[in-house]
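Trainee: I have not read a structure like this before. Could we go through it one feature at a time?

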Amino acid sequence: MNQSESIAKLSEALAKAQGVMEGASKDSNNPFFKSKYADLSSVWDACRKPLSDNGLSVVQTADFIPEHPDMVCIETILCHASGEWIKGRWAVKPVKAD
C-alpha cells in the first residue's frame with residue numbers, strides 16, 4: 001500500500017463515512033449454493049453517498065504486467081477532496097484470456 005504524505009483528513013472522512021454506511025442488499029441469487037448475495041451494484045449503492053458526502057472517491061484501473069503477460073494488475077485509489085490518498089495493487093490471473 002502507498003499513501004500521500006498525510007492521510008489525517010482522509011482517515012477522519014472515512015471514519016465518518018463508515019459510521020453511516022449500511023449493509024448492501026443481498027438481491028442476487030446464487031443457484032449453485034442456493035443462496036443470496038450482494039452484487040457489485042448493491043455494494044456500490046450502499047457506499048456511494050456516504051463516501052461522496054465526506055469528500056471521498058474511489059478510482060480503479062487495470063494494467064498488464066509486462067514481465068507476467070498472463071496477469072492483470074488492479075490498482076485501487078481512495079482519494080479525499082484534500083488531495084490525500086491511499087492506494088493498493090492486486091495482481092490477478094484471469095481464468096480466461098478473453
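Trainee: Which residue in strand 5 is the bridge partner of V59?

Mentor: Keep in mind that this is a predicted model. In general, strands of a sheet pair through backbone hydrogen bonds, either parallel or antiparallel. Here the partner of V59 in strand 5 is I77. Strand 4 and strand 5 run antiparallel and are joined by 10 bridges.

Trainee: Which residue in strand 6 does I77 stand opposite?

Mentor: I77 stands opposite K87. Strand 5 (residues 68–80) and strand 6 are joined by eight bridges and run antiparallel. The two strands form a hairpin, with four residues between them. In that turn, G83 has a positive phi of about 100°.

Trainee: In what order do the strands of the sheet lie?

Mentor: The order is 1-6-5-4, in an open sheet of four strands with antiparallel pairing. Strand 1 and strand 4 (56–65) are the edge strands, each pairing on one side only. Strand 1 (residues 2–3) is joined to strand 6 (residues 85–92) by two bridges. Across those strands, Q3 has I86 as its bridge partner.

Trainee: Which strands does helix 1 lie across?

Mentor: Helix 1 (residues 8–20) lies across strand 4, strand 5 and strand 6. Its direction is at about 85° to strand 5.

Trainee: Where is the kink in helix 2?

Mentor: The kink, about 35°, lies at C47, shortly before the proline P50. After helix 2 comes G55, with a positive phi near 75°.

Trainee: Which residues of helix 2 are buried?

Mentor: They are S42, A46, C47, P50 and L51. Helix 1 and strand 4 are among the elements covering the buried residues of helix 2.

Trainee: How many aromatic pairs does a search of the whole structure find?

Mentor: The search finds one. The ring centres of F32 and F33 are 4.9 Å apart and the planes are at 90°, so this pair is edge-to-face.

Trainee: Is F32 buried or exposed?

Mentor: A residue counts as exposed over 50% relative accessible area. F32 has 68%, so F32 is exposed. F33, at 59%, is exposed as well.

Conventions:
Residues are numbered from 1 along each chain as its sequence is written. This is a predicted model: local features need pLDDT of at least 70, side-chain atom pairs count only at pLDDT 80 or more; totals for chains, interfaces and linings use all residues. Side-chain values use heavy atoms; hydrogens and water are left out. Rings of Phe, Tyr and Trp (its six-membered ring) pair if their centres lie within 6.5 Å; planes under 30 degrees apart count as stacked, over 60 as edge-to-face and the rest as tilted. Buried means under 20% relative accessible area, exposed over 50%, partly exposed in between (1.4 Å probe, protein chains only). Two strands pair if DSSP finds at least two bridges between them. Contact means heavy atoms within 4.5 Å. Axes are lines fitted to C-alpha atoms, for helices over the stretch in contact, and angles run from 0 to 180 degrees between N-to-C directions. The bend at a residue is the angle between axes fitted to the seven residues ending there and the seven starting there.
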